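Please examine the sequence and the structure shown below. The briefing that follows is grouped by topic.

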2 protein chains.
Amino acid sequence: MRVQYQLIHQDKNTGARYGKLIFADKDGNTQEYETPMFMPVGTQATVKTLSPEQVKATNPGIILANTYHLWLRPGEDVVEKAGGLHAFMNWHGPILTDSGGYQVFSLAHNKKKDITEEGVHFKSELDGSKLFLTPEKSIEIQNKLDSDIAMSFDECPPATADKRYLKNSIERTLRWAERGKKAHQNENQSLFGIVQGGPYEDLRKWSAEETVKLGFDGYAVGGVANDDEEKDAMYKAVEYSVPYLPEDKVRYLMGVGEPVDLVECVKRGIDIFDCVSPTRLARHGNALIKGVKIDPKTGDKKENRINLKNARFTEDFTPLENNCDCYTCKNYTKAYLHHLVKCDEAFGKTLLSIHNIRFLIRLTEKMREAIKNDRYQEFVDEFFGDE
Amino acid sequence: MRVQYQLIHQDKNTGARYGKLIFADKDGNTQEYETPMFMPVGTQATVKTLSPEQVKATNPGIILANTYHLWLRPGEDVVEKAGGLHAFMNWHGPILTDSGGYQVFSLAHNKKKDITEEGVHFKSELDGSKLFLTPEKSIEIQNKLDSDIAMSFDECPPATADKRYLKNSIERTLRWAERGKKAHQNENQSLFGIVQGGPYEDLRKWSAEETVKLGFDGYAVGGVANDDEEKDAMYKAVEYSVPYLPEDKVRYLMGVGEPVDLVECVKRGIDIFDCVSPTRLARHGNALIKGVKIDPKTGDKKENRINLKNARFTEDFTPLENNCDCYTCKNYTKAYLHHLVKCDEAFGKTLLSIHNIRFLIRLTEKMREAIKNDRYQEFVDEFFGDE
């Protein structure tokens, strides 16, 4: 399916946008989903520990899959022969695939890679075999996976890169974006461009403007989901990028999924988000809960969560959150979750993943209501008032 | 709920029985399930890797939970405070708990235990702490767990035990059964007795007759699910025990779940079975499939299965079994399962567990049809004809 964004209402007092993503296939069948949206991640063609029905019950829109991982296993040709990713993994809602760029830069064997104008040489994390990913190859893989949204292949420079490096990197990423766009051949798939530029206002502006000139179906802000960076740097990068993106295209902040970041970045005009954190936190026994915590080291506002391994939940026969409508909260107590986590039972990870994903999606649902009623700033104040 | 067995039809040419288990609670609410029946195992108050809804979709009757495991974690008092096992684990069908005896004898720390007339002293497999399980304690735990069927606490002697040892063991197990019966206080729970006797015809007969004299709601044949034993010994133990069990009580063969064994033992008059094998096989990437294999070492007939890790499934876009009605076979290919197993994704274990459990339950459904039509022997011949 190809996607179009429709801006329905912009909050009167902030940059927050309420809108719709309308997906249409070649036969004219459509699916509509509201934004702001949080997209669960199904790295290897499965949202970890969940069935598609369990994912569906969290009321998501798009889900993600990872080009890099699927290129390595099972290979894009296997997925193509299976009839594409939707048929392969039994997910009939929209799918966005990333470009593989982020994984090449973060997961390559020994983190060693050789970036040339042509593409990136690196070794497989799985078996050390030599691999070469180019903008054309990334798009070709995504074409074969047959996701609904493909991402341009970009360089993800390290947070430590200096301005001179970043400038060269952006220029190359723009040339790669153009090459990818030329290579793109799947008429049933949209293609998004990615804005880079690190922490520099002028580079973000330039990257955004040049990327928009190339013309994509949507735009992502990249290079912000770096653990080393402070939150303020992320918000600034968004502020420096968003003003130069067209109103009638969706804006995607890649790899960001902390509740506080969703709240702050929607305020700055972002529409969609993805992150592995809700399922990763779940696999380590954590549940997201209402409220905000202050990081004692950085002073940053962080997500609030509880770890179910804690003995204080042994006889806690209440749900994770009293007012949560998720399957986990409607049917299970903290005492049962504590038991499952202590015993390392798979179903504990499943139940916590369901809650954490639903937690983020509920948050976006509340944002939509606030924006529609021009009270997004009040929503933000209330959200941070829960500290 | 308490259970009653109703024999509806016995196959004209074999000992195979088609019947019903009718569960009734104090308020007169009833649930009915047909036999022969395979009971999935939820050792730690969860059928591994599955939600209750996923278990339910395999069309089971009773599920099992393990007294020993739940005694250690989270403890029977926690489960009681949660409102019993049904509420704790969100399973509203019938639950059978074993007595903990088998686990004490197989899982105790270093396999060391001290069996006295009073009970068994042993150390926890988890932390080495000293534990003492008695017939009264086993029943007390099961009363608090509030399962629908509790099992008597028995000694599970090793397959190598001599006849003199077995005779003493049976006598003690009978005294334990009587003590357990006296200790039993949950009016909403049935209590089953267990026949032991190893491979000896006279001991099995004696154990069965004396256990029946004590009077239980159902009877189990124990001490047969021993990996060291040959299949023929298992079938003989069943043949030596069943004739002395009352017609109007259900007969349960403990710990047995290979398809060939279900087929052979239903022929000999067994009604219900349990085994961890379908979920354990699944977690190792195996799927049960139609047919029978011959063990090259023992000549025994064994289950037929495929391992999804095998590279030959990389591009196999057919389901595990073409005519299987399970969720996995209706929605996923072997290529997808191969991918999930290769990537060690939890959802692969879930999908294979669903198939394997449904495989055994479908087998019992076919048996019921055959018995109702007095063609059980033909069913057996056809089953083994699939070699």
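In S16(B), Asn307(B) is the bridge partner of Asn286(B). This is a predicted model, in which local features need pLDDT of at least 70, side-chain atom pairs count only at pLDDT 80 or more, and totals for chains, interfaces and linings use all residues. Residues are numbered from 1 along each chain as its sequence is written, while chains are lettered from A and ligands numbered from 1 in the order in which they are written.

**Strand pair in chain B**

- Strand S15 (residues 286-294) and strand S16 (residues 301-307) of chain B pair in the antiparallel sense over 6 bridges; pairing requires that DSSP finds at least two bridges between the strands.
- The hairpin of S15(B) and S16(B) has 6 residues between the strands, and Gly299(B) takes a positive phi near 80° there.
- Strands (E, at least two residues) and helices (H or I, at least four) are DSSP runs, numbered from the N terminus.

**Helix H7 of chain B**

- The 21 residues of helix H7 (residues 163-183) of chain B should span 30 Å at 1.5 Å a residue, and the end C-alpha atoms are 30 Å apart, which agrees; the expected span is 1.5 Å times one less than the number of residues.
- The buried residues of H7(B) include Leu166(B), Ile170(B), Leu174(B) and Trp176(B). A residue is buried if 20 or more other C-beta atoms lie within 10 Å of its own, exposed if 12 or fewer, and partly exposed in between, with C-beta atoms placed from the backbone.
- Helix H6 (135-145), strand S11 (190-195) and helix H8 (201-214) of chain B are among the elements that cover the buried residues of H7(B).

**Relation and contact of the two chains**

- Chain A and chain B each give 32 residues to the contact, where two residues are in contact if their C-beta atoms, placed from the backbone, lie within 7 Å.
- On the side of chain A that touches chain B, H13(A) supplies the largest share, 5 residues.
- The residues of that side of chain A divide into 15 nonpolar, 10 polar and 7 charged. Here Ala, Val, Leu, Ile, Met, Phe, Trp, Tyr, Cys and Pro count as nonpolar, Asp, Glu, Lys and Arg as charged, and the others, Gly among them, as polar.

**Domains of chain A**

- Chain A is divided into domain 1 (2-282) and domain 2 (287-385), with bounds from an automatic or database domain assignment.
- The C-alpha centres of the two domains of chain A lie 26 Å apart, and the contact takes 35 residues from domain 1 and 32 residues from domain 2.
- H10(A) gives the most to the side of domain 1 that touches domain 2, with 6 residues.

- H14(A) is mostly covered, with 20 of its 27 residues buried; Asp374(A), which follows H14(A), has a positive phi near 55°.
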